[in-house]
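Have the structure open while you read.

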Amino acid sequence: MGRLVVVSNRVPLPSERGAKAGGLAVALADALQPGSLWFGWSGRRNARGSAVTHVQRSDGITYATVDLTEADYHSFYVNFSNGALWPLLHYRLGLIDFKSEDYDGYRSVNRQFAAALQPLLRADDLIWVHDYHLIPLAAELRGMGVKNRIGFFLHTPFVPPDIFHGMPRSVELLTNLCAYDVVGFHTRGYRASFLDCVAETLGIHPDPDGRFVWRGHAVRAIVDPIGIDADSFAACAREAAKSSDARLLRESLGRGALAIGVDRLDYSKGLVNRFQAIGRFFGNYPQHRREISFLQVAARSREDQGAYQRLRRELDQIVGDLNGRYSEFDWTPLRYMTRAVKRDTLAGFFRISRLGIVTPLRDGMNLVAKEYIAAQDPNDPGVLILSRFAGAAEEMTEALIVNPYDADEVAEAMHIGLSMDLEERRERWQALYDKVTGSTARRFCTVFLNHLGHADLQPERPTLRAIS
Ligand code: GDG
């Protein structure tokens with residue numbers, strides 16, 4: 001295989017990794033061998049924009065980044081990527097704020113990225129592009145004569161045609177995806193939605209393996225669920241559960257148990273519904289008051305967007321109402337933090353929690369569900385409550401699967417989880433742990449790169465049909 005070139009919107013520069021190290025850097029750790037290149041945005045905004053490429057090396061890996069102008073940052077990143085594509089891909093058509101000038105900015109930044117990346121490429125590089133910010137990148141690179149294998153992985157869900165076409169310029173975005181050799185999704189459902197869009201919109205009928213040809217170019221859509229490095233997370237949790245932070249947290253609970261939620265502060269994560277369900281739980285099951293405290297860590301994100309500012313205000317109010325209503329002078333039902341907590345500290349908190357609450361309204365995968373399972377004590381594991389609308393629910397069927405919109409159902413799952421006997425907790429946890437350790441970050445990378453590097457991308461049975 002040739003050199004691996006990873007492209008993502010934000011590059012986690014080694015010099016900047018702090019408390020919130022994680023995400024893509026952890027997922028790709030095994031794939032990023034010395035000699036690899038990681039390209040993307042530096043996170044900086046200035047007047048020069050992408051004119052200069054900054055290069056730094058660490059552990060044999062080259063990190064090449066460009067800056068964005070203030071105008072590009074707003075149109076490409078804030079307005080189109082996060083203000084239009086993100087809600088679209090999470091089924092929230094009502095939140096889409098589409099402006100054609102933002103779309104032009106999105107295309108322009110993808111062109112700038114392609115122009116900055118192209119001179120750095122070698123003929124046999126394998127290029128792996130990540131996420132919705134960069135859908136047009138392969139089309140731009142192809143336009144510049146780049147013939148390398150290029151793969152794309154979408155970290156969010158993909159939506160059915162009726163939703164997808166709610167977005168202006170959707171056909172252009174779809175055909176842009178067809179400029180990749182491999183397009184990866186977390187679940188069978190997302191891939192099916194993409195292939196439905198291809199069939200309905202382009203009149204092409206992919207074969208059962210997700211292969212099709214678009215304008216002479218062979219494309220393959222694959223299912224490749226992302227995972228975590230479960231062994232190292234479990235080891236980290238074992239140590240962190242002995243730390244002073246975990247001890248202080250446990251002491252603060254008295255004889256009560258802990259339920260934990262950890263999410264970016266994002267409307268897709270279902271925090272409003274979750275807090276309503278917690279209120280319903282204490283209302284419907286008063287016997288559990290004082291028996292359990294909820295801890296929600298919701299690190300602030302995308303704070304320059306109106307939808308996120310409104311969400312934060314709404315959550316502040318719900319937390320205030322809930323705690324005002326149910327608190328006792330020596331017990332708080334819901335502890336709510338909007339700043340990030342260190343990764344190993346979180347692992348320890350997961351381990352000492354009796355319930356893990358993961359109830360997004362939509363989520364591509366949700367790694368917290370996997371981390372919670374990896375962190376548990378095998379002798380006394382906690383119970384995972386998981387939304388049916390998280391990609392993780394396709395695999396993690398032994399969790400208590402809930403509809404996050406149904407406050408009564410989520411409250412009941414909390415009651416069931418708290419009342420569950422040790423034998424059932426162990427059985428469920430073991431089955432989930434086997435899945436989490438079998439579908440790791442390493443496997444995710446290997447599967448994708450095998451398809452990108454070795455797959456015979458010629459469709460076996462291409463079937464082309466024009467729209468009549
Ligand atoms: C996107 C997709 C998909 C969270 N708070 C803190 C913190 N975290 C860590 C978690 C976890 C990661 O961030 C979040 O991953 P998720 O998967 O839950 O969600 P997104 O950030 O929305 O990620 C998602 C993912 O891409 C991968 O494809 O699963 O569906 O939306 O690792 O533990 N880490 C630290 N402090 C925090 O306060 N250190």
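A quick definition to start: a cavity is a set of grid points where a 1.4 Å probe fits but cannot get out, and a residue counts as lining when one of its atoms is within 4 Å of a point. Keep in mind that this is a predicted model. With that in hand, here's what turns up.

**The largest cavity**
- Searching the whole structure gives 3 cavities of 30 Å³ or more.
- The largest cavity holds about 50 Å³ of space.
- Which element gives the most to its lining? That's helix H15, with 4 residues.
- Strand S14 (383-387) and H15 each supply at least two lining residues.
- Among the residues lining this cavity are Val 383, Leu 384, Arg 425 and Trp 429.
- Sorted by class, the lining has 6 nonpolar, 1 polar and 3 charged residues.

**Where H15 meets H8**
- The axes of H8 (residues 230-240) and H15 (residues 422-438) come within 8 Å and cross at roughly 125°.
- The two helices are therefore oblique to each other.
- On the H8 side, Ala 230, Asp 231 and Ala 234 make the contact, meeting Tyr 433, Val 436 and Thr 437 in H15.
- These contact residues split into 4 nonpolar, 1 polar and 1 charged.

**The second largest pocket**
- This pocket has a volume of about 240 Å³.
- It's lined by 13 residues, and the closest to its centre are Leu 253, Gly 254, Arg 290, Asp 330 and Trp 331.
- Its lining is made up of 4 nonpolar, 5 polar and 4 charged residues.

Conventions: Residues numbered from 1 in each chain as written. Predicted model: local features only at pLDDT ≥ 70, side-chain atom pairs only at ≥ 80, totals over all residues. Heavy atoms only, no water. 1 Å grid on protein atoms, 1.4 Å probe; cavity = no way out; pocket = protein on both sides within 12 Å on 5 of 7 lines; lining within 4 Å. Points joined across faces, edges and corners; volume = space filled by probe spheres on them. Nonpolar A, V, L, I, M, F, W, Y, C, P; charged D, E, K, R; others polar. Axes fitted to C-alpha atoms, helices over the stretch in contact; angles between N-to-C directions. Parallel < 35°, antiparallel > 145°, perpendicular 65-115°, else oblique. Contact = heavy atoms within 4.5 Å.
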